[in-house]
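Visitor: I am new to this kind of picture, and I would like to learn how to read it step by step. Could you take me through it slowly?

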There are 4 protein chains.
Amino acid sequence: MTEPLDVAKLQRRLAEFAAARDWQPYHTPKNLVAALSVEASELVEIFQWLTPEESARVMDDPDTAHRVTDEIADVLAYLLQLCEVLGVDPLAALDAKIDRNERRFPAQ
Amino acid sequence: MTEPLDVAKLQRRLAEFAAARDWQPYHTPKNLVAALSVEASELVEIFQWLTPEESARVMDDPDTAHRVTDEIADVLAYLLQLCEVLGVDPLAALDAKIDRNERRFPAQ
Amino acid sequence: MTEPLDVAKLQRRLAEFAAARDWQPYHTPKNLVAALSVEASELVEIFQWLTPEESARVMDDPDTAHRVTDEIADVLAYLLQLCEVLGVDPLAALDAKIDRNERRFPAQ
Amino acid sequence: MTEPLDVAKLQRRLAEFAAARDWQPYHTPKNLVAALSVEASELVEIFQWLTPEESARVMDDPDTAHRVTDEIADVLAYLLQLCEVLGVDPLAALDAKIDRNERRFPAQ
């Protein structure tokens with residue numbers, strides 16, 4: 001039986017993965033944000049010529065669905081590694097940001 | 001007492017936030033990936049002229065630390081909203097990706 | 001009377017502008033490509049929530065037209081500065097690329 | 001004998017290339033800015049793990065030099081096509097921007 005996935009567990013796996021390959025010297029915050037933005041653009045590339053309607057059906061094709069899921073994983077991987085090196089808790093950061101946005105953009 | 005943060009809870013808050021403002025029509029996958037890449041670039045902007053060493057000390061300045069944390073929250077917000085509209089589980093996607101990477105890049 | 005604009009003249013103005021402010025140490029190729037991608041994303045930001053039809057009318061509003069033109073200038077500025085530090089002729093590079101694309105994607 | 005390259009000539013070649021392949025319907029401003037940002041990120045990808053010093057020597061390796069030149073061509077291609085559909089003169093836009101920047105950031 002495996003324990004359920006959570007962010008801390010994935011951060012641990014990513015840190016061990018990088019350490020086993022001696023990749024930490026490359027993982028400066030500057031490099032990690034560049035890599036994060038590159039992966040985000042690889043997601044954009046999948047959608048760039050699609051109409052809004054086609055973009056809504058992107059998971060219907062198994063190959064495209066796999067590609068999209070894979071790029072989402074890459075974005076999350078670099079985001080979690082960035083948070084690790086900076087000491088930022090991503091879930092707490094988002095929770096606080098939603099609080100601020102609720103004050104900034106009051107619902108009607 | 002509040003329950004601990006998790007991805008599902010944040011996705012629920014984000015969905016309620018968007019619904020209360022009638023923003024869902026804008027949240028096509030194509031638009032969400034564009035917004036995700038824009039937020040990732042706002043992170044890059046903070047680091048673009050820094051040396052690797054300066055980038056490693058970015059959290060020492062409280063204002064910059066706040067800005068970085070805020071942009072990380074924005075990236076995560078769009079990533080989780082994208083996952084929601086596409087029906088992708090981001091933690092499972094990353095776990096599967098690390099598995100594949102372990103086979104693809106065997107440690108020495 | 002002024003001479004007509006061309007790429008070499010603009011590159012000269014950009015180089016003098018940077019030199020007068022001692023900005024050259026920041027203009028490594030790595031930093032310039034980051035800045036280029038950030039400016040490209042600022043263009044995306046203007047369009048991210050627009051429908052395709054709205055995006056086609058973006059120049060009808062003078063303020064948005066100014067913003068778009070300004071971001072295009074920023075993208076071109078970093079692209080030309082990158083070409084300058086790398087010794088790449090951007091017009092020749094594009095001309096050669098169109099030649100290759102004509103062979104790679106033959107017209108019907 | 002060929003006439004010298006200039007931006008207008010390249011824009012004409014790009015327009016004919018797209019027209020011959022019926023690609024114009026895809027070339028909304030929104031899609032072109034997305035494609036522009038994706039190509040800019042492909043440039044970033046080449047540099048993302050390099051030190052500033054390594055990035056300054058990127059043209060020493062012929063394969064990398066070719067890749068860099070190719071991506072620069074792609075960025076310029078989408079920038080010129082965007083300018084074409086929006087009716088923006090990129091060189092005039094940049095010239096005006098440098099004027100504004102000279103007032104905004106006075107040299108010492």
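Visitor: How many residue pairs are in polar contact across the interface of chain B and chain A?

Guide: A polar contact is a pair of N or O atoms within 3.5 Å, where within protein one must be able to donate a hydrogen and the other to accept it, and where residues adjacent in sequence count only if both atoms are side-chain atoms. Across the interface of chain B and chain A, the rule finds 22 such residue pairs, both residues being at pLDDT 80 or more. This is a predicted model, in which local features need pLDDT of at least 70 and side-chain atom pairs count only at pLDDT 80 or more, while totals for chains, interfaces and linings use all residues. Residues are numbered from 1 along each chain as its sequence is written, chains are lettered from A and ligands numbered from 1 in the order in which they are written, and side-chain values use heavy atoms, with hydrogens and water left out.

Visitor: Which elements give two or more residues to the side of chain B that touches chain A?

Guide: Helices (H or I, at least four residues) and strands (E, at least two) are DSSP runs, numbered from the N terminus. In chain B, the elements that do so are helix H1 (7–20), helix H2 (29–47), helix H3 (52–56), helix H4 (62–86) and helix H5 (90–104). The largest share, 15 residues, comes from H4(B).

Visitor: How many salt bridges does the rule find across the interface of chain B and chain A?

Guide: A salt bridge is a side-chain nitrogen of Lys or Arg within 4 Å of a carboxyl oxygen of Asp or Glu. The rule finds 12 salt bridges across the interface of chain B and chain A; one of the salt bridges joins Arg13(A) and Asp99(B), whose closest N and O atoms are 2.9 Å apart.

Visitor: How are the two copies related?

Guide: Two copies of a chain are related by a rotation about an axis and a shift along it. Here, with copies superposed by least squares on the C-alpha atoms of residues with pLDDT of at least 70 in both, chain B can be laid on chain A with an RMSD of 0.0 Å by a turn of 180° and a shift of 0.0 Å along the axis. The two copies are thus related as by a two-fold rotation axis. Of the residues of chain B, Ser37(B) comes closest to that axis, its C-alpha lying at 3.1 Å.

Visitor: Is Leu82(D) buried or exposed?

Guide: Buried means under 20% relative accessible area, exposed over 50%, and partly exposed in between (1.4 Å probe, protein chains only). Leu82(D), in helix H4 (residues 62–86) of chain D, is buried, with a relative accessible area of 0%.
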